[in-house]
Amino acid sequence: VFAAWDVLMAGFLIPLLGHSAWHLNNTELGLFGSAGLIGMALGAFFWGTTADIIGRKRSYVWTLILYSGFSLLSAASPNYTWLIILRFISGLGLGGCIPIAFSLVAEFMPRNQRGMAVTAMNIWWPIGGTLNGVVATMLLPYANWRLLPLAMVLPALLVLWVIRDLPESPLYLMRRGRDDEARATINDLVRRVGVDVGEWELPRPEAELPAFSRFFTQLGDVWAWNWKITLAVWGMLVANLLLSYGVITWLPGILVSSGYGMYRAYLFATWMNAVGIIATLVAAWLANRIGRKWIVVVTGIMAGVFMVIFTLNIAIPDTARWWLLAYAFMNLMVSSTMYCYAPEVFPTLLRGTGFGWASTASRVASGMVPLIFGAWLWPVLGLTDTFAAILGLVVVANLWLALVGPETLGMRLR
């Protein structure tokens, strides 16, 4: 919920910042959107690899502290420079939070429930985005951008629950050779489920364990493991999130510049998040029936097509609304399924690194979108051609995934 709130908040803040006393231009506003995404890029690779070294739980606690704490501090920014700096540091935490959370849940799930459970986690993304949109719309009369980041005090409270109750992944513990801790967690799960599982034993730990001294060699290990699959995951995340973050960051601004009033622009963006709740439930249901890969391939391309059609109809609000909702439905389906698929394909002690570095690649690319989109692509190419170019990248990446990516339905995590 709060990860979505924080990421999508940028789209609602940009129009308010544009009318603030700082008198910012499109390039400066784009820099605000990029700062958080670039922070997420660096955070994803650092915390993804760190989670393979010190564990999922400890890493997750620190990511929560970083992103909620510094988002909260940004509300008190004395000037635009400090706002950019605090937004960047917040992104360092948020970038690591997302891949760690999905890896952790995937490692707890039985394989016959994993697809539905991990995909359904994404239902909280459109819920968070919808709540953000509702709150942003309600706060519009105050015309004060500082009120939005103040809500980040709430995820800071999650740290207390995580420290007390969240268990470490037993799959991670056993691969690291921490047998006593792994047995304690597994026995607790067995007790809670209340079934007789019979005799069981732990697998042998990996011969070579990730360590901070090998931090950057982990990246080489991911590519050496299977470069085709690694490239497919990178391409999948980069291309689909380029489209997603271009829309997230600039949609309210695009609508306002196209003649929509501020309230209508905010409501359009809110509806787009709300329809994602249904999309995520559909994706979760399909993930356990037809698999993950083909959902990503088909819905990713359809999302790009629908966004191009939306730009062609933007001058007709009643028509544009339906194409925007169609885009939102497909985009949330592909996003939900990607975050289920990505952690499944990597082995346990490369899972955080593999997913983290792929997230980094996507965030670096996406981090350039707000700045390049507002300062160059949109003004020079026009709205339709800009999204058509992004659609071309989505088609290439998704077809490569279709060609070389494994299907993970029913696959046992290694």
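P317 lies in helix α15, which covers residues 317–345. Helices here are DSSP runs of H or I with at least four residues, strands are runs of E with at least two, and both are numbered from the N terminus. P317 counts as partly exposed, with a relative accessibility of 22%. The cut-offs behind that word are these: buried means under 20% relative accessible area, exposed means over 50%, and partly exposed is in between (1.4 Å probe, protein chains only). From P317 to V197 the distance is 58 Å, C-alpha to C-alpha, and the two are 120 residues apart in sequence.

This is a predicted model, in which local features need pLDDT of at least 70, side-chain atom pairs count only at pLDDT 80 or more, and totals for chains, interfaces and linings use all residues. Residues are numbered from 1 along each chain as its sequence is written, and side-chain values use heavy atoms, with hydrogens and water left out.

A second residue to look at is T81, in helix α4. T81 has a relative accessible area of 53%, so it is exposed.

Helix α4 (residues 80–108) packs with helix α2 (residues 26–54) at an angle of about 35°, and their axes are 6 Å apart. Axes are lines fitted to C-alpha atoms, for helices over the stretch in contact, and angles run from 0 to 180 degrees between N-to-C directions. Sorted by class, the contact of α2 with α4 has 18 nonpolar, 6 polar and 2 charged residues. Nonpolar covers Ala, Val, Leu, Ile, Met, Phe, Trp, Tyr, Cys and Pro; charged covers Asp, Glu, Lys and Arg; the others, Gly among them, are polar.

Now to the whole chain. The chain has 17 helices and 0 strands. Its radius of gyration is 21 Å, close to the 22 Å that the globule rule gives for 414 residues, so the chain is as compact as a globular protein of that length. The radius is taken over C-alpha atoms, and the rule is 2.2 Å times the number of residues to the power 0.38. Of the 414 residues, 57% count as buried.

How confident is the predictor, on average, in pLDDT? The chain averages 84, and 92% of the residues score at least 70; pLDDT is the predictor's confidence in each residue, from 0 to 100.
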